[in-house]
Amino acid sequence: MTWHSMSIQETLEKLNTSEDGLTDEEASKRIEEYGENRIEEKEPVSPVKIFINQFNDNLIFLLMFALILSLAIGFLPGQQPEYMESGLILLILVANGVFGFFQDYRAERSIAALKEMSTPEATLRRNGEKKEVKKTDIVPGDVVYLEQGDIIPADARLLEEESLDTDESALTGESTNVRKSIEKVGENSAVADRSNMLFMNTHVVKGRGVAVVTGTGMDTEVGSIAEELQEIEKSETPFQREVDQMGKKIGYLVVGIVILVSIIQFILTGAEWLTILLLATGLFVAAIPESLPAIVTFTLALGSRKLLKKNALVRRLPVVETLGSVNYIVTDKTGTLTEGVMTVEKLYFQGEEFDVTGRGLETEGDIVKDSYPSDPGYLEPLLECGVYCNNAERAPASADKHFRGQPTEIALLVSGIKGGLEKDKERLDSIPFSSDRKRMTVIMEDRKAYMKGAPEIVLERCDRILLNGEIKELTEKRKEEVVYKNHELATNAFRVLAFANKHVDNLEAEDEDIESGMVFLGLQAMMDPPRAEVKQAVDDCRTAGIGVVMATGDNVETAKAIGKQLGFEYERAIEGRDLEDMSKDKLMEEVEEVEIFARVSPEHKVRILEALQANGYNVAMTGDGVNDAPALKDSDVGVAMGERGTDVAKKSSDMVLLDDNFVTIRDAIAEGRAIFDNIRKVTNQLLSTNSAEVMLVFMGILIGGIFYADHFTGTNAVVLTAAMILWVNFASDGPPAIALSEDPKVKDIMKRDARDPEEPIIDKKILAMVAFTGPIAAATMLPLFFYHIENFVLAQTTLFMALAFFEIIMFPIIRKDYDLKFYDNGYLLAAILFASMTHLAILYTPLSEFFGVTPLSLKHWGMILVSLCIFAVIEIFYSKILQKKYGSRA
């Protein structure tokens, strides 16, 4: 129902009620029909389910299979369970699950936050008299009473109002209080323009009113948002999809290799099935990058900690990586691009214009003209009028806020304080503001009357003007000058108020007489100003190839004015009502061209997001209000404001800006790009070294089966045991790979173009390195094994140590592509030293018995060194070829 376009009588008839409200009997019937006035909830997410979900991954499934296989060998005749292998695999599985669980387990979801916003009771008219009723028992047709400070319990159509203002910023994005009236408005009016409607969970900031309830629970504006949140499911990030696909591909590859090698082994050597099973286990362990899930999860977790230090709280771990591919930001205006508070910025006094400095509610600031400070005493008549004709006041020191009152009046009070004024006179009488009068007048103890109001109204009440320090006649020409200045300021999105005063001789005079013959003083112009640091942040984002779009509930002129100051393309803007008639294809074209969308509803914001996503963009949505929640949840990266943001917005988001600073978004994106680089390094490292392990086992079995068949029998069926490979993956790859998360960002990381969201981590360059590294590693290291074949334990030990240090030297080779020096990361140096010491401990301590290895002499170490040097020279040469072909990562 378009209640806002109906008259009061039509509304009452449609609801089958009257201004006397419902009877208790009728209310009981309606509560059965419409249900309780509450937001419906979904079942809370179980922590157990969150933990189990950490293991729903193809790579994890492969690890589980390898774990079962290593244990199953123990049930074969004459064999023992491989507890060493099983323990290492289990450790990796548990580590991955724990990291993911602690990151994903968060506080209540958005729907719970909506519930917390409710009020326990409301004042209704039932059975023809006032009574207190539980908010949940309110039904359509009830007549509610509202006063200043009340939270509105349901959507309602106004029947009566006395100077009623509401704060709807959390719902509509409107930065100023909304003046309400009982007159009907156009059928197609946006939510922010429905001045005769009250909305659930917004609140009354001034005046009082009586309204008839038109919608409750899920049938309210807030309810429709909650319903959208329930319907929206967070899709997987491209990174999550890629890791999942990689797990499947590795699984197919492993099975294929095992079958192929088993056939070759059987045909060439006639190996027993036990030998083939041991070989299969070794190949499984060699091919699976066991530590990849745990290390990537840990890298993302460390990245989220880095972001937290920059005041960005990550709520979904994969989003840390997704930030690096954001190439469009859709941002709210109020409180995100702007300060979120009204501030007086311009004064017009005695024919001159002055600028007022200072941000938000800060009382430190100057009044300047042409960049030079002005004498506050000169401006005192105008400023004191704003201070005394004002109901705002300083809050007690114990209060959370500095001031109490309406935003507009607080702005005037702050303006006066900057001019050195405070309230130090007693008010004798006042003539309150109303929507019909559009002015307010007070009389102070010195018998001076002060008036403020709409400029055209105040001018009508004046016959004189203060000019050049003298009171002069307000001629038509002088009026026109004021009207022109007012128009100029209003065109630039300022909210302008006019001020006047006079001496009152007769305090008993009629209001009309007191408010006539006033002396016009001047104008004060205010707006919700842009945050000082935002323009540079927006420019930096665009330099990084990231588009920035403003989508606000404010009117189009205000949006354009703010956009102009922040460097948006402001000549053309689209309003929400225009979006409603726009086809999807047309909107997909417009979002590429238009940077400002005004008077938009939650549904409009979702459409804008969907259009950008349909064009292939990875979209981040910023916002702080209830109205932003659906788009926050539907976006690739939902970014809520921590200070000004509602609980609904925060719990619908992927990331919360603790300082509400747009600059933090830029820093978070830069950090996300660096984290993506680190994940790509880790993936390159693990896949390249795993390819080497596969080739060592595969080629070792192939060559051994053909030329050294008598040595490859029973437990000596493989060149490297599964335990050896697991240890190398755990020790050589683990600590150094984790330390890569501390790598510094590459130079000018925010001067790169935004990464295509579908660009895989494993690109052609990585695939080329993986394909080359395996065969070259086998060619340079297998000779060490076959040289010592007569002593099988020594041969395995030599190859074991060669593989361990080969994986270590791959780190500087891969990092060289990012123009990083070996000493750039102290954590990496320490991790490499630690890994090296653990390998030596395996050889020269009793631990050698668990791995079946023997100590090596200097001669053996020398042979390993030569082998690794040959490999390094070839690999570095090949990486330079890849740089020329695919470009550097730096």
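Modeller: Ala640 stands opposite Val656 in strand E28. The model is predicted, so read each contact as computed. Ala640 belongs to the covered part of strand E27: Gly638 and Ala640 are buried on one side, and Val637, Val639 and Met641 are buried on the other. Side chains in a regular strand alternate between the two faces of the sheet. Five of the five residues of E27 (residues 637–641) are buried, so this strand is largely enclosed by the rest of the structure.

E27 has a parallel partner in E28 (residues 655–657), joined to it by three bridges. Another parallel partner is strand E26 (residues 619–623), with four bridges to E27. There, Met621 has Gly638 of E27 as its bridge partner.

Now widen the view to the sheet. It is open, has eight strands and shows mixed pairing. The order runs E8-E28-E27-E26-E9-E23-E25-E24. Strands E8 (312–314) and E24 (574–575) stand at the edges. Each has a single partner strand, so one side of each lacks a neighbour in the sheet. Further along the order, strand E9 (residues 328–331) pairs with strand E23 (residues 547–551). That pairing is parallel and spans four bridges. Within it, Ile329 stands opposite Val548 of E23.

E7 is mostly covered, with 10 of its 13 residues buried. Strand E4 (residues 155–167) pairs with E7 in the antiparallel sense over 10 bridges. Thr166 stands opposite Val204 of E7 in that pairing. Strand E3 (residues 143–147) is also antiparallel to E7, over five bridges. Tyr145 has Val210 of E7 as its bridge partner.

Most residues other than glycine have a negative phi. Asn201 has a positive phi, near 70°. Asn201 is found in the loop between strand E6 (197–198) and E7. Its relative accessible area is 12%, so Asn201 is buried.

Lys438 also has a positive phi, near 55°. Lys438 is found in the loop between strand E16 (427–431) and strand E17 (439–444). Its relative accessible area is 38%, so Lys438 is partly exposed.

Phe51, Leu90, Val94 and Val98 make a nonpolar patch of about 300 Å². Helix H5 (residues 83–104) gives the most to this patch, with three residues. Val94 lies in H5. With a relative accessible area of 43%, Val94 is partly exposed.

The other patch carries negative charge. Asp429, Glu508, Glu510, Asp511 and Asp513 gather there on the surface. Asp511 is found in helix H17 (residues 511–514). Asp511 is partly exposed, at a relative accessible area of 40%.

Back to the starting point. Ala640 is buried, as are the residues on both faces of E27. In the sheet order, E27 stands between E28 and E26.

How values were computed:
Residues numbered from 1 in each chain as written. Predicted model: local features only at pLDDT ≥ 70, side-chain atom pairs only at ≥ 80, totals over all residues. Heavy atoms only, no water. Patch = residues over 30% accessible without salt bridge, like charges linked within 9 Å, V, L, I, M, F, W, Y side chains within 5 Å. Areas by Shrake-Rupley, 256 points an atom, 1.4 Å probe, with all protein chains shown as cover. Salt bridge = Lys/Arg side-chain N within 4 Å of Asp/Glu carboxyl O. Lys, Arg positive; Asp, Glu negative; His and termini not counted. Charge placed at Lys NZ, Arg CZ, Asp CG, Glu CD. Helix = DSSP H or I, 4+ residues; strand = E, 2+ residues; numbered from the N terminus. Buried < 20%, exposed > 50% of the residue type's maximum accessible area, 1.4 Å probe, protein only. Pairing = 2+ DSSP bridges.
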